[in-house]
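Here is a short briefing on one protein model. Keep the sequence and the 3D view open while reading.

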Amino acid sequence: MTESKEFLSYLLKGDRVACMDVVNQLLDATVSVEDIYEYVIRKSLYEVGDLWEAGKITVASEHLASSIAESVLNELYLKVLTDVKIEKKAVIGCVPNEYHQIGVKMVSDMFEKNGWTVFFLGANVPVSDFIDFARGINADVIGISMSLYSHLPDLLKMLNALQSEFPETPILVGGQAFTRGSRDPLLKYSQVTYMADIYALEKFLNKKVKQ
């Protein structure tokens, strides 16, 4: 989708209004929210992350791009709301020490779009607090995001704790980290499913509704 390059260019320039214009033009052309999330916002943010890791943009530029993207998601939020609700609850958040929450916010939005009650805990949630919250709401699904592969030890510790506490609860894991590093460490967890993109998540959610 060529609009992703345009969106990325405006992100890097710090032009929030132009970014929203790109998105609104796509909506007017009846492009789905899923496609906008996947091929415009997520793709652009992954490229921003790559540029930052390569030292081609500053931390300030990366933070500005993330802030603009998050504001665009807030504008799109009304597009994902639905009056149809199902009796299922999800708790979604990031691994400890992870401060990139936009990707997992898109995941949270997709749960809501499919009628779930979602508790979005955001970035850098201590494992003990995450577990207490999930236990308190009796979550049907747990979702975890990891953007930097260096946080893998934190993820594995979190998965060990979650598996011990919730041995039958499905756990979804995703994030930009796994575009660079192996997903093999996840294979030892029988209840963990890797989500490559929003379309994989949609398939999972459709399957859960039918169960």
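Leaving aside neighbours within four places in sequence, which residues is Glu 98 in contact with? The model is predicted. In it, Glu 98 is in contact with Ala 123, Asn 124, Ser 145, Met 146, Ser 147, Leu 148 and His 151.

- Glu 98 sits in the loop between β1 and α5.
- Its relative accessible area is 0%, so Glu 98 is buried.
- Glu 98 and Ala 123 are 25 residues apart in sequence. In space, their C-alpha atoms are 5.9 Å apart.
- Ser 147, one of the contacts of Glu 98, lies in the loop between β3 (141–145) and α7 (152–165).
- Ser 147 has 11% relative accessibility; the limit for buried is under 20%, so Ser 147 counts as buried.
- Not counting residues up to four places away in sequence, Ser 147 touches Glu 98, His 100, Gln 176, Ala 177 and Arg 180.

**Nonpolar cores**

- The largest nonpolar core has 41 residues. Those with the most contacts inside it are Phe 7, Leu 11, Ile 36, Tyr 37, Ile 41, Val 72 and Phe 111.
- Two or more residues of this core come from each of α1 (3–13), α2 (16–28), α3 (33–53), α4 (59–80), β1 (89–94), α5 (102–113) and α8 (198–210).
- A second, separate core has 25 residues. Val 91, Val 95, Ile 131 and Phe 166 are among them.
- Which residues does Phe 111 touch, not counting those up to four places away in sequence? They are Ala 90, Ile 92, Trp 116, Val 118, Val 141, Leu 172, Leu 201 and Leu 205.

- Ser 4, Phe 7, Leu 8 and Leu 11 of α1 are buried.
- Viewed down the axis of α1, these buried residues fall within an arc of 100°, so they line one face of the helix.
- The general rule behind such a pattern: an α-helix has 3.6 residues a turn, so residues three or four places apart point the same way.
- Lys 5 and Lys 13 are exposed, on the other side of α1.
- The buried residues of α1 pack against α2, α3 and α4.
- Gly 14 follows α1 and has a positive phi, near 75°.

**Helix pairs**

- α1 and α3: the axes come within 9 Å and cross at roughly 50°. These two helices are therefore oblique to each other. α1 passes α3 in a right-handed crossing.
- On the α1 side, that contact is made by Ser 4, Phe 7, Leu 8, Leu 11 and Leu 12. On the α3 side, the residues include Tyr 39, Val 40, Ile 41, Ser 44, Val 48 and Leu 51.
- α2 and α3: the packing angle is about 140°, with the axes 10 Å apart. That makes α2 oblique to α3, since only angles over 145 degrees count as roughly antiparallel. The crossing of α2 past α3 is right-handed.
- Val 23, Leu 26 and Leu 27 of α2 make this contact with Val 33, Ile 36 and Val 40 of α3.
- α6 (residues 127–137) and α7: the angle is about 30° and the axes are 10 Å apart. These helices are therefore roughly parallel to each other. Their crossing is right-handed.
- α6 contributes Val 127, Phe 130, Ile 131 and Arg 135 to this contact. α7 contributes Met 158, Ala 161, Leu 162 and Glu 165.

- As background, most residues other than glycine have a negative phi.
- Thr 30 is not a glycine, yet has a positive phi of about 60°. It is placed in the loop between α2 and α3.
- Is Thr 30 buried or exposed? At 70% relative accessibility, Thr 30 counts as exposed.
- Asn 124 is another residue other than glycine with a positive phi, near 50°. Its place is the loop between β2 (117–122) and α6.
- Asn 124 has a relative accessible area of 27% and is partly exposed. This residue is also one of the contacts of Glu 98.

Note on methods. Residues numbered from 1 in each chain as written. Predicted model: local features only at pLDDT ≥ 70, side-chain atom pairs only at ≥ 80, totals over all residues. Heavy atoms only, no water. Core = buried A, V, L, I, M, F, W, Y, C linked by side-chain atoms within 4.5 Å. Buried < 20%, exposed > 50% of the residue type's maximum accessible area, 1.4 Å probe, protein only. Helix = DSSP H or I, 4+ residues; strand = E, 2+ residues; numbered from the N terminus. Contact = heavy atoms within 4.5 Å. Arc of directions from axis to C-beta. Axes fitted to C-alpha atoms, helices over the stretch in contact; angles between N-to-C directions. Parallel < 35°, antiparallel > 145°, perpendicular 65-115°, else oblique. Left-handed = near helix turned anticlockwise from the far one by under 90°.
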